[in-house]
Amino acid sequence: MRYLTPARQTRPTGDVIFTLNAEATRRKNAGESVVNATIGALLNDDGTLAVLPTAAQAIKDVKATEWATYAPIPGSPEFLQAAIADVFAGHPRFKACATAVATPGGTGALRHALMNYLEPKQKLLTTSFYWGPYQTLCDEHERDIDTFRMFAADGTLDVAALDAKLGEHLASQGRALIFLNDPCHNPTGYSMTQAEWRGVVQTLVKHAKTAPVTLLVDMAYFLYGRAADPRAFVSELEPLLGNVGLLFAWSASKSFTHYGLRVGALIACEPDEKERAVTAAALAYACRGTWSNCVRGGMSAIGKLLSDAALVKACDAERETLKARLTARVQKFNELAKPKGLRYPRYEGGFFVTVFTDDWKERGQRMAEQGVFVVPQPGALRVALCSVAEADIPRLVTALSA
Ligand SMILES: Cc1ncc(COP(=O)(O)O)c(C=O)c1O
């Protein structure tokens, strides 16, 4: 007897990335020389997980009762205020109209956005290259996914494609929700310029005159971009305030190298006080109806790391060291990959890059046979430089271009 409902009986087993990683790890443990560019976590050159020592210590310092006690349903207020202050440092207009709830990582924030800003069966709109779990989240929550062509012929963000698709969404479903993952887009590595943000904002404002449009900025990697000020893009979003629904999926996973702590937040900007209260109620209700409340100890540690000046300074310095290591890998990759003619988007920093290739399936398989693991996806191979030692990059590039 099958007890699962019909729709749940055909769920795929195993995640592609985790399966490839398991295979790479198995062969490495058996003594083979392996380059594993599948893992979406920042590793040291010796293959161990890079962890900010100050963050690890702050977590150890959280008292047992703080771990054991339930947190408030929307999240601990100190943590939420600290997350809002983190995103909007230097942008008081946003800070003044923000409300937030705690979520288990950025993933939980994406979930709440899908459930509160789309009706069942309506479509999310995102870039044609996107983080695979966007699809999983949509499937699980009975929403659909649709994409616009990410890159124009000149390699920049295809704002015209967004414009066209957004028009279609509003015509067919009367509302739209857009996920943009920036900077350091997963999987392409692309970071939008201020001018590209401006183009996106103009398009959204234009369409929002006819129906509700909501933008969610998935900022999972925002502290790993190359911009001197990681919050500079926020000023480009000002015209959205009061015109377009504006959400931010904030995550401690990468910023504080504690992926398993599951600390995140969904931040919503709503200048109208009454609407803000309605939004806060809806999001808190969604928390109660899914995970009830998040990990109090995790929020406590991250809240402190965000607000204690000495801890902020220490984490910033430690993160800079990790970023420098990542940047060295990115530079090495660019230096070797360009002369080989590999095709990939402008790549200046971040965990991943995507190499475009028509024979992605065969090429990925061939590379795995040679002990070089990347993640094949339609038309491309995702390369997680975050997990590859600088010394292995020549072998990686040779395998990619063979
Ligand atoms: C694009 C993107 N968004 C969101 C997340 C969410 O991560 P977490 O739920 O660990 O915060 C990830 C994690 O890999 C990601 O790559």
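Student: Let's begin with the overall layout. Which domains does the assignment give for this protein?

Tutor: Remember that we are looking at a predicted model. The domain assignment gives domain 1, made of 6-52 + 312-401, and domain 2, which covers 70-309. Notice that domain 1 is written as two stretches of the chain.

Student: How many residues of domain 1 and domain 2 are in contact?

Tutor: On the domain 1 side there are 22 residues, and they touch 23 residues of domain 2. Helix 14 (309-337) and strand 9 (352-356) are the elements that give two or more residues to the domain 1 side. Helix 14 supplies the largest share of that side, 6 residues. As for the domains themselves, their C-alpha centres lie 25 Å apart.

Student: Now the helices. What is the angle between helix 8 and helix 9, and how far apart are their axes?

Tutor: Helix 8 (residues 159-173) and helix 9 (residues 194-208) pack at about 20 degrees, and their axes are 10 Å apart. An angle under 35 degrees counts as roughly parallel, so helix 8 and helix 9 are roughly parallel to each other. Their crossing is right-handed.

Student: Which residues make that contact?

Tutor: Helix 8 brings Val159, Leu162, Asp163, Leu166, Gly167 and Leu170, while helix 9 brings Glu196, Gly199, Val200, Thr203 and His207.

Student: Which element gives the most to the shell around the ligand?

Tutor: Helix 6 again, with 3 residues in the shell. There are 13 residues around the ligand, and those that come nearest are Gly105, Gly106, Thr107, Ser251 and Ser253. The shell holds 3 nonpolar, 9 polar and 1 charged residue.

Student: I'd like to look at the backbone too. Is the peptide bond from Asp182 to Pro183 cis or trans?

Tutor: To read a peptide bond, look at its omega angle. The bond from Asp182 to Pro183 is cis, with omega near -5 degrees. Pro183 is in the loop between strand 5 (176-181) and helix 9. The bond from Asn186 to Pro187 is also cis, with omega near 20 degrees. Pro187, too, is placed in the loop between strand 5 and helix 9.

Student: What is phi of Glu142, and where is this residue found?

Tutor: Phi of Glu142 is near 55 degrees, a positive value in a residue other than glycine. You can find Glu142 in the loop between helix 7 (133-140) and strand 4 (144-148).

Key:
Residues are numbered from 1 along each chain as its sequence is written. This is a predicted model: local features need pLDDT of at least 70, side-chain atom pairs count only at pLDDT 80 or more; totals for chains, interfaces and linings use all residues. A residue is near a molecule or strand if its C-beta atom, placed from the backbone, lies within 6 Å of it. Helices (H or I, at least four residues) and strands (E, at least two) are DSSP runs, numbered from the N terminus. Ala, Val, Leu, Ile, Met, Phe, Trp, Tyr, Cys and Pro count as nonpolar, Asp, Glu, Lys and Arg as charged, and the others, Gly among them, as polar. Domain bounds come from an automatic or database domain assignment. Two residues are in contact if their C-beta atoms, placed from the backbone, lie within 7 Å. Axes are lines fitted to C-alpha atoms, for helices over the stretch in contact, and angles run from 0 to 180 degrees between N-to-C directions. Angles under 35 degrees count as roughly parallel, over 145 as roughly antiparallel, 65 to 115 as roughly perpendicular and the rest as oblique. A crossing is left-handed if the near helix is turned anticlockwise from the far one by less than a right angle, and right-handed if clockwise.
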